[in-house]
Amino acid sequence: MRPDVKRVLVCSAWPYGSGVPHLGNLIGCLLSGDAFTRFYRLAGYEVLHVSGTDAHGTKIEYEAHRQGLSPAELAARVHEEIVRILKEFEVDIDNYTTTESPVHKEMVTTLFREMEQNGYIFSREEERAFCRSCGRFLADRFIVGTCPKCGYPYAQGNQCDACGTLLEPEMLLSPRCAFCGSTDVVRRATRHWYLDLERLRPKLLEYVRSRDFQGNVKLFTERMLEELRPRAVTRDIAWGIPAPFRGAEGKVIYVWAEAVLGYFSATVEYFRRRGEEERWQDFWYRDDVWHVYTQGKDNIPFHTVILPALLLATGRPFHLPDQISATEYLNWEGGEQFSKTRRIGVFADEALELLPPVYWRFYLFYNRPETKDVEFSWVELDKAINAVLVDNIANFVHRVLSFVWNKYEGVVPDRPTAAVVREEIWATVEEVWAAVRAGQLAPAVRAVAKLANFANSFFQSRAPWATGDEEAVASGVHLVKAMAILLDPFVPMFSREIYGLLGIKEPRLSAVEEGCGGLRLQEKPRPLLAHVDIDDLKRRYEMMKEEGLVSIEEFQRVDLRVARIVHAEEIPGADKLLKLVLDLGDRQVQVVAGIRKHYKPEELRGKLVAMVANLKPATIRGVRSEGMILAASDGTLALLIPDREVEPGTRIR
C-alpha cells in the first residue's frame with residue numbers, strides 16, 4: 001500500500017443470483033471483503049465496501065428455466081436471501097445492490113457508449129453455436145463441452161473452471177446443449193460487438209507491470225495477456241442489459257462485461273442515495289485511494305484484464321485495481337465440489353442453522369485457502385473453533401478478566417505492561433499488517449492465535465494468583481485488549497463482547513499499543529464461547545442432508561405402473577386440468593392431471609404413460625382422482641412414456 005493513501009475501496013465479487021452461496025463462495029468474496037473493510041477502518045482510513053447480486057447472465061436464465069420461474073423472480077428471491085445471510089454473518093457492507101439496479105443499467109449503458117465512441121468497440125458477422133433441438137444460440141453456460149486447453153470435460157462456453165482459460169462456445173470440443181442435452185449443435189450466422197483487447201494491449205501491459213501481482217493472480221493474468229484477443233461483449237439471449245449499440249437490438253451485454261462495472265455503479269449509487277452526487281470521484285478518479293478486490297481464483301482474469309480494459313476504453317481517468325486478494329478453492333471432504341442438488345457441503349443458509357456465525361467466521365478465516373485448494377475437514381473445524389478460538393483465546397480472556405473481577409474488584413492494577421508483552425504485541429501487529437498488505441487474511445488470524453499462545457504461557461509462568469504480580473495482571477488485560485482489536489475484522493461479534501467488558505466504545509488499531517492499568521471492568525465477566533460438540537454437529541449435518549431423502553423400503557411402497565389412457569376430457573372451469581381414464585390391465589382408474597396447457601385430449605387417447613397406482617384418492621375440483629401420472633418439466637412439460645409397447649398394468653421397477 002502506498003504511503004499517500006487516504007481512503008480504501010473494497011470490492012467483493014458479486015454472488016450469482018442463481019442460488020445461495022456456499023462456504024467457499026462466502027470466504028472467497030464477501031467475508032474477505034468484510035475483513036479488509038473492518039481492518040482498514042480500525043486503522044483510520046475512510047473505507048467504502050461495495051458488492052451486490054449478479055442478477056443477469058445465462059446461469060440465472062438457465063436456473064430460472066429449470067425452476068419454472070422468470071429470471072427476474074429467481075434473482076430477486078436469491079438477492080433477498082443473500083441480504084439476510086449477510087446480516088446474520090455481520091458482513092459490514094455499505095452498498096449491497098444488484099445488477100438490476102437502475103443506476104447500474106444507466107452506468108453500463110453510458111460506459112459502453114463511451115467505449116464505442118473511443119473506437120474500442122467493433123462488430124462483425126460470425127457463426128455461433130446453435131442448438132437445433134432447442135432453437136437457441138448457446139452462449140456461455142448454455143453450452144458444455146471439453147476444454148481445448150486442459151481436457152476438462154465439463155467446461156462451459158465462457159470459461160474452464162479447471163484451468164481458468166477464458167473460452168468462446170465454439171472452442172469447446174464435443175459440445176452439448178445445457179438445456180436439452182442434445183449434441184445437435186451447429187454454427188449459425190449472427191452479429192456480435194467486441195471489445196478490442198488487442199488494441200488495448202499496450203495500456204494493459206503498462207497497468208499490469210505497475211502492480212505487484214503475486215501467485216495465481218500473476219499466473220492467470222500473464223496467461224490471459226499471452227492469449228489476448230478481442231472479446232465479445234454481446235450475447236444472443238433474452239435476459240440482461242440491452243446492448244446500446246446501433247443494430248444490436250435484441251441482444252444484451254455479456255454478463256461479465258457488465259457485472260464487473262458494478263463496483264463503479266454501486267459506488268455511484270451509494271453516494272447518490274446520500275445526496276453527494278459527485279463524491280464517488282474520490283474513490284474512482286484519485287491516486288490517493290487503494291482498491292482491494294476479493295474473489296475466487298476463477299475470477300482473476302476478469303478483474304486484472306477485463307475490468308481494467310473496460311475502464312481504460314472509456315477514456316476516463318479511472319483508478320484501476322491495486323490488490324487482487326484471490327482465494328484458491330474450498331472444497332468439501334474428498335475434494336468434491338459443493339452442490340446443493342447433490343447434497344454435498346454446507347451452504348450459507350445451512351451454516352446458520354448448524355452453528356452461530358462466530359464459529360464459521362473464525363474457521364473460514366483461520367483456514368482461508370490462499371496458497372492451495374483446501375478441503376473442509378471436521379478435524380480442522382474442531383481444531384480451529386475448540387482448540388484455538390475457545391480454549392486458547394476465549395478461555396484466556398475469561399480467565400484474566402475474572403481474576404481481575406474477583407481479586408481486584410474489577411479494577412486493573414495501575415501498572416505498566418511488561419516489556420516482553422509490549423514487544424510481542426507490537427510484533428503481532430506488524431505480522432498482521434504485513435499479511436493484510438499482501439492481501440492475505442489467514443496469516444493475520446494465525447498471528448493472533450500465536451499471540452494467545454504467548455499470552456497463556458506468560459500468565460501461567462508469572463502466576464499472579466500465587467505471587468501477587470500486578471504487572472502480570474495489567475499485562476494480561478493488555479493482551480486481552482490487543483487480541484480483541486486484532487480479531488475484530490474476523491470475528492466482530494466476539495470482539496464486541498470484550499469491548500463491552502473493557503468499556504471500549506470506539507476501537508482503533510492504534511489503541512493496541514496502549515496499556516490497561518487502572519481500567520475498570522464494566523460488568524462481571526462470563527464465559528464468552530462454549531465448546532462445540534463436533535460429533536453432534538456432524539450428525540446434525542448428516543440429518544440435514546438426509547431430509548427429504550427416501551429409503552429403499554419407503555420407495556418400494558410406491559406402486560409405479562404403466563397405464564394406457566383410454567379417455568381424456570377437459571374439466572369445465574379448470575384451465576389447467578384434464579380428467580383421464582387409465583387402463584391398468586386389471587382395472588380402470590380416474591386421474592385428474594394438470595397437463596391441459598401442454599396436451600389436447602385427443603392427442604392423449606391410446607398413449608402409454610407411467611403412473612403412481614397406489615396414491616390415496618383425492619377430490620380435485622369436484623372430480624375424484626385415484627392416482628398420478630408422471631411427467632418431466634423444464635418449463636415445458638413432457639409425459640414419461642415407455643420406449644416400447646408393454647401391457648397396461650406392467651410394474652415399473
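Q: How many bridges pair strand β18 with β19, and in which sense?
A: Strand β18 (residues 578–583) pairs with β19 in the antiparallel sense over six bridges; strands here are DSSP runs of E of at least two residues, helices are runs of H or I of at least four, and both are numbered from the N terminus. Two strands pair if DSSP finds at least two bridges between them. This is a predicted model in which local features need pLDDT of at least 70 and side-chain atom pairs count only at pLDDT 80 or more, while totals for chains, interfaces and linings use all residues. Residues are numbered from 1 along each chain as its sequence is written, and side-chain values use heavy atoms, with hydrogens and water left out.

Q: Which residue is the bridge partner of K579 in β19?
A: The bridge partner of K579 in β19 is V592.

Q: And what sheet do they sit in?
A: An open sheet of five strands, with antiparallel pairing, in the order β19-β18-β17-β20-β23. Its edge strands, each pairing on one side only, are β19 (588–593) and β23 (628–629).

Q: Moving to β4, which strands does β4 join?
A: Strand β4 (residues 121–131) runs antiparallel to strand β9 (residues 185–195), with eleven bridges joining them, and F122 stands opposite Y194 in β9. Two bridges join β4 to strand β5 (residues 136–137), again antiparallel, and there F130 stands opposite F137.

Q: What about the hairpin of β4 and β5, how many residues lie between the strands?
A: Four residues lie between the strands of that hairpin, and G135 takes a positive phi near 70°.

Q: New topic: how many disulfides are there in the whole structure?
A: A search of the whole structure finds zero disulfides, a disulfide being a pair of cysteine sulfur atoms within 2.5 Å. C29, for instance, is in no disulfide, and the nearest cysteine sulfur, that of C11, is 12 Å away.

Q: Are C29 and C163 buried or exposed?
A: C29 counts as buried because its relative accessibility is 9%, and C163 is buried with a relative accessible area of 15%. Buried means under 20% relative accessible area, exposed over 50% and partly exposed in between, using a 1.4 Å probe and protein chains only.

Q: Last one: where does R38 lie, and what is R38 in contact with?
A: R38 lies in helix α2 (residues 30–42) and, at 15% relative accessibility, counts as buried. Leaving aside neighbours within four places in sequence, R38 is in contact (heavy atoms within 4.5 Å) with E90, D92, R361, D488, P489 and P492.
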